[in-house]
Amino acid sequence: MLKLDQHPSGRHFLHIPGPSPVPARVLRAISYQTIDHRGPEFGELGLKLLSGMQTIFKTKHPVIIYPSSGTGAWEGALVNTLSAGDLVLMYETGHFATLWNKLANRLGIKTEFIGMPGAEGWRHGVDAAKIEERLKADASHQIKAVCVVHNETSTGVTSNIAAVRKAMDVAKHPALLMVDTISGLASADYRHDEWGVDVTVSGSQKGLMLPPGIGFNAISPKQLKQARQRHYQEHIGLGMRSSSLIRPAIGHQPQQLTYYMVCMKL
Ligand SMILES: Cc1ncc(COP(=O)(O)O)c(C=O)c1O
């Protein structure tokens with residue numbers, strides 16, 4: 001039988017790297033009554049949250065909110081930007097970098113998974129010099145994106161994203177930079193615009209201290225241009241467009257969770 005919050009030692013306090021314990025004022029917001037999810041009040045709320053998220057990602061550009069896990073937001077980043085058969089450079093720093101790589105392969109994206117040999121790979125963050133070297137060798141620009149994990153939850157190692165950007169610039173390579181900061185956002189320093197990231201992937205359940213169930217993609221103008229030329233998955237994301245035809249999935253989870261976000265004073 002599930003124990004939920006009935007623990008003999010008192011109130012349950014979750015001690016894992018995420019999901020994080022949810023603050024009481026956020027928990028209380030769960031009891032708010034549902035509002036019309038296609039009505040003007042929700043529209044106003046949605047816009048407020050979208051602009052609040054820009055502050056957290058440190059970006060002036062759009063942030064997409066998905067009714068998804070972090071894994072769903074990984075997928076959103078890949079499918080809105082790349083096509084099956086595209087080549088992507090991914091860097092192995094631990095369990096989550098490995099899972100993102102596997103997901104890309106399931107979507108038909110070809111990956112080169114580089115890193116330090118053997119167990120050393122999981123003891124270090126991203127070595128930007130390795131990325132620079134590989135991109136310099138790609139004279140015909142076959143590599144369409146570089147994907148790295150900012151804070152590798154499985155090892156606790158945080159990587160230097162500014163150094164990765166610099167390596168890509170030194171190599172003069174046009175690949176997009178995609179970063180997973182699912183456990184880094186609001187826990188560690190993160191700067192989407194300043195670090196020149198094209199897609200930042202994150203989730204609700206770690207540094208933001210919300211329940212799991214919302215995913216985010218912060219994007220750049222370069223990514224947006226590329227995404228608009230493609231078959232677009234916009235119906236699942238709140239933030240791209242809302243109309244009677246494209247009805248973002250803002251059902252139970254996102255609506256109640258956006259209340260939590262209001263409580264965070266976004
Ligand atoms: C760095 C990182 N990436 C991705 C994920 C996957 O997120 P989710 O479990 O919400 O799919 C996690 C979850 O722990 C994570 O820590």
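Trainee: How are the residues numbered, and which confidence limits apply?

Mentor: Numbering starts from 1 along each chain as its sequence is written. As this is a predicted model, local features need pLDDT of at least 70 and side-chain atom pairs count only at pLDDT 80 or more, while totals for chains, interfaces and linings use all residues.

Trainee: What is the order of the strands in the open sheet?

Mentor: Helices (H or I, at least four residues) and strands (E, at least two) are DSSP runs, numbered from the N terminus. Two strands pair if DSSP finds at least two bridges between them. Here 7 strands form an open sheet of mixed pairing, in the order β1-β9-β8-β7-β4-β2-β3. Its edge strands, β1 (63–66) and β3 (110–114), each pair on one side only. On average, neighbouring strands are turned by 20° against each other, direction ignored; axes are lines fitted to C-alpha atoms, for helices over the stretch in contact, and angles run from 0 to 180 degrees between N-to-C directions.

Trainee: Which helix packs on the sheet?

Mentor: Contact requires C-beta atoms, placed from the backbone, within 7 Å. Helix α4 (residues 95–106) touches β2, β3, β4 and β7 (176–180), and its direction makes about 165° with that of β2. Strands β2 (residues 87–91) and β4 (residues 143–149) are parallel and share 4 bridges; Val88 has Ala145 as its bridge partner in β4.

Trainee: Is strand β8 mostly covered or uncovered?

Mentor: A residue is buried if 20 or more other C-beta atoms lie within 10 Å of its own, exposed if 12 or fewer, and partly exposed in between, with C-beta atoms placed from the backbone. Strand β8 (residues 199–203) is mostly covered, with 5 of its 5 residues buried. Val199, Val201 and Gly203 point one way, and Thr200 and Ser202 the other. Strand β8 pairs with β7 in the parallel sense over 3 bridges, and with β9 (residues 215–219) in the antiparallel sense over 5 bridges.

Trainee: Which residues touch the most other members of the largest nonpolar core?

Mentor: In soluble globular proteins, nonpolar side chains tend to be buried together. A nonpolar core is a set of buried Ala, Val, Leu, Ile, Met, Phe, Trp, Tyr and Cys residues joined through C-beta atoms within 7 Å. The largest has 56 residues, and Val88, Ile131, Val146, Val164 and Met178 touch the most other members. Strand β4 gives the most to this core, with 6 residues.

Trainee: Which residues surround the ligand?

Mentor: A residue counts as near if its C-beta atom, placed from the backbone, lies within 6 Å of the molecule. The residues around the ligand include Ser69, Thr71, Phe96, Asp180 and Gly203.

How values were computed: Contact = placed C-beta atoms within 7 Å.
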